[in-house]
Amino acid sequence: MLNVVAGDGPTAGRALGLHPDVDVLAFTGSTAVGRHFLRYAADSNLKRVWLELGGKSPNLVLPDAPDLDRAAATAAWGIFFNQGEMCTAPSRLLVHSSIAERVTEAVVRRAEELRVGDPLDPATEMGALVGENHLSRVLDHVTTARDEGARLRTGGARTLTGTGGSYLSPTVLDRVAPGMRLAREEVFGPVLSVLAFDDLDEAVRLANATEYGLAAGLWTSDLSTAHRVSRALKAGTVWVNCYEEGDLTVPFGGMKQSGNGRDKSAHALEKYTELKTTWIQL
């Protein structure tokens, strides 16, 4: 059994995936590479493959959120933390239309306050993206979104060009429609899409309108609403009035094309064990 962490690449882990002596393989990385591991398993010994892949996580803010300023600050922190290169990043901010502008403005202000720079500098709040190729892909997402009708509220351009690093200014776009590429594909960068909704049913539909199902956030003061919406959201983890909370004793993982199985907690051991039945006639 092996755990593999890999980036994009059609042949990543091919030897491991095809090896007949490997019985279980757990992979963390992109959905594209996860598909290859499933194919390798089918072509070898039908090994079990457990996948923790990408996400397009929604963050729903309802009008009765207990603290809209905190919700906005957390939304900004969630998407800009680690330059947005997080599988659980809340890249889709779904806000009720009655509070959409207020929340968006607060996120924009926080984005413009962020100190972007050398990650070794203690004052830095957001560093560089992993490389030039990835920066180009992220910028292409921004350009395409604007061409499709989204409005750029802040960022969207390369910054600190003299440093030699792949820096992108924190980016927020609103007027994003559900069918836009930016609302459907994982960007894996500091780019936030803002979508407005008018009622709770619409919010849940928008949240679930993705091939991914890793995580979701919900901001409400109503506990019944929290339970009802959490059950309706197709995500492996739902945070209510918080985001990115976790503990080693609590299972983590996704559904749909975000993967299968669970990491952390006792449930993770199930990936590496087999159930056996033995009948003995005495």
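1. Partly exposed here means a relative accessible area between the buried limit of under 20% and the exposed limit of over 50%. The structure is a predicted model. F81 has a relative accessible area of 36% and is therefore partly exposed.

2. A search of the whole structure finds four aromatic pairs. One of them involves F27 and F37, whose rings are tilted, with 4.7 Å centre to centre and 50° between the planes. F27 belongs to strand β2 (residues 24–28) and F37 to helix α2 (residues 31–43), so this contact ties together parts that are 10 residues apart in sequence.

3. The relative accessibility of F27 is 1%, so F27 counts as buried. F37 is buried too, with a relative accessible area of 1%.

4. W77 and F81 make up an aromatic pair that is stacked, at 5.2 Å centre to centre and 25° between the planes. W77 is partly exposed, its relative accessible area being 40%, and F81 is partly exposed at 36%.

5. Which residues do ring pairs link into a cluster? They are F27, F37 and Y40.

6. On cysteines, the count comes to zero disulfides. C87 is in no disulfide, and the nearest cysteine sulfur, that of C242, is 16 Å away. Seen from C242, the closest cysteine sulfur is in C87 at 16 Å, which is too far for a bond, because a disulfide needs the two sulfur atoms within 2.5 Å. C242 itself is buried, with a relative accessible area of 18%.

How values were computed. Residues numbered from 1 in each chain as written. Predicted model: local features only at pLDDT ≥ 70, side-chain atom pairs only at ≥ 80, totals over all residues. Heavy atoms only, no water. Phe/Tyr/Trp six-rings, centres within 6.5 Å; stacked < 30°, edge-to-face > 60°. Helix = DSSP H or I, 4+ residues; strand = E, 2+ residues; numbered from the N terminus. Buried < 20%, exposed > 50% of the residue type's maximum accessible area, 1.4 Å probe, protein only.
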